[in-house]
Amino acid sequence: MRPLESLRLSWRSIRGHRLRSALTTLGVIIGIAAVIAFVSLGASLQAGIIGDISPDDQRNLYGWAADPETEGGPLAGAQFIFSQNDLDSVSELEEVDAAYGYATIDAQSITYGGETRLQGDGLIAAGPSYIRDDSLDEGRQFEMGEREAVINPAAAGQFEENVSVGDELEVTIITGGTETITVVGITDSSEGQSPFEGFEAAPRIYVPTDPFYVEQAVGPAAGNGNAGEDNGGSGVRFLAIVVEARSADQDDVDRTRDAAITYFESDESDASEFLGDDLAVILQTSTELLQQLEDILGLLQNFIVGIAAISLVVGSIGIANIMLVSVTERTREIGIMKAVGAQNRDILTLFLSEAVILGVIGAVLGTALGLAVGYLGAWYIDLPLIYPYEYVVLAIGAGIGVGVVSGLYPAWRAARTDPIDALRYE
């Protein structure tokens, strides 16, 4: 029997039992759709996170000091050990473009034009270059030593009249006192500038560490154990720091990391008195900090693929069951075919083709459903849509494989049917 004739007879049998065929392929459809949908969402989420890291941010090293065995995200187990003298010395290293402290200041509220809004921890102290020039929509970076701020669009738009460059804000600090801050710049996005603050959109006010953090740290309500100690420098210790390499080239970043850590571990630094077996300096780029999240996404994706594989096994069993029923129903037909000259391989090909067609139909419909669900999910979460096309090819291959595996035994059983017994079968 010619292959096309086998396919035609198989397709006729499937069309003759449309509802049964549809229910048979349902397990394959669900399994492959789940794989495609979750892999698409995982790839889209990963692209969304990596996409939030601007090219200029890739030269920044985010640092803290903690026990090397401490597990967790950025700042897990961090201690206040970095002095302003340390940061000034690191800034002068040949491999370093800039180094500054990073801290969040607990604010209670922000007032503008007679309106007051709760602010929470959205007051962020850092160095001027923390706000990159290309991320400014208008205005300029703040200057160290000045009572200036750069705000993001979410902070500027939370009042009836939008805050503009040159306006003044009154910020009430939760530890006491009110600061009058001049807005000198507005960023082009409300998303965070680094992994320290997260990448989600929220109202944020960026200010220089000097005077805002310095005054809070050395004041009586500083709120940390080391901040007010006299260490021979300014007396201020930072929990987190940012060290900028001269370029985003990986060699430059690595040299900057090595030079900064070498300085911090030397006797010249104020931080060295706290370092030892239980405390070490950690400097990581945004990509390295997000690697842990990517690993979690990878584990979740593998877990979902494992569950989907179970659905494929169930779908395979369903196809095999229906094919066995089909062999029983068509026993007399098999006897007639053999009586007119059909060979065992013709019967084997006929039933195997039917099982493979069911598997391929399930794979195609499952792939289409998975791509549609992935598209809707990425659109709803507002992520860049990424389709893993290699998984589409794998899905089609899985459909063919399921059809072959589930159809082998029923086809073999049909091929071995004795034609005399088949013709007597009622």
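**View 1. Strands β1 and β14 run side by side in the antiparallel sense.** In this predicted model, strand β1, spanning residues 60–66, pairs with β14 over five bridges. One place to look is tyrosine 62, whose bridge partner in β14 is glutamine 284. Now follow β14 itself, residues 280–284: Val281 and Leu283 make up its covered face, while Ala280, Ile282 and Gln284 sit on the uncovered one. Why do neighbours take turns like this? In a regular strand the side chains alternate between the two faces of the sheet.

**View 2. Glutamate 115 is a buried acidic residue.** You will find glutamate 115 in strand β5, which covers residues 115–118. Its relative accessible area is 16%, so it falls under the 20% cut-off for buried. Which residues does glutamate 115 touch, leaving aside those up to four places away in sequence? They are Ile110, Phe159, Glu160 and Glu161.

**View 3. Aspartate 97 and arginine 246 join hands in a salt bridge.** The two side chains meet at 3.4 Å, N to O. Aspartate 97 comes from strand β3 (residues 96–105) and arginine 246 from the loop between β13 (240–245) and α6 (250–265), so this bridge ties together parts that are 149 residues apart in sequence. Buried or exposed? Aspartate 97 is partly exposed at 37% relative accessibility, and arginine 246 is partly exposed too, at 48%.

**View 4. Arginine 257 has a salt bridge with aspartate 254 and another with glutamate 288.** Start within helix α6, where aspartate 254 and arginine 257 lie three residues apart, about one turn of the helix. Their side chains meet at 3.3 Å, N to O. Arginine 257 is buried, with a relative accessible area of 14%, whereas aspartate 254 is partly exposed at 29%. Next, turn to glutamate 288, where the closest N and O atoms of the bridge to arginine 257 are 3.1 Å apart. This second pair links distant parts of the chain: arginine 257 sits in helix α6 and glutamate 288 in helix α7 (residues 286–329), 31 residues apart. Glutamate 288 counts as partly exposed, with 32% relative accessibility.

**View 5. Arg59, Asp97, Glu244 and Arg246 form one salt-bridge network.** These four residues are joined by salt bridges that share partners. How many salt bridges does a search of the whole structure find? The count is twelve.

Technical notes: Residues numbered from 1 in each chain as written. Predicted model: local features only at pLDDT ≥ 70, side-chain atom pairs only at ≥ 80, totals over all residues. Heavy atoms only, no water. Buried < 20%, exposed > 50% of the residue type's maximum accessible area, 1.4 Å probe, protein only. Helix = DSSP H or I, 4+ residues; strand = E, 2+ residues; numbered from the N terminus. Pairing = 2+ DSSP bridges. Contact = heavy atoms within 4.5 Å.
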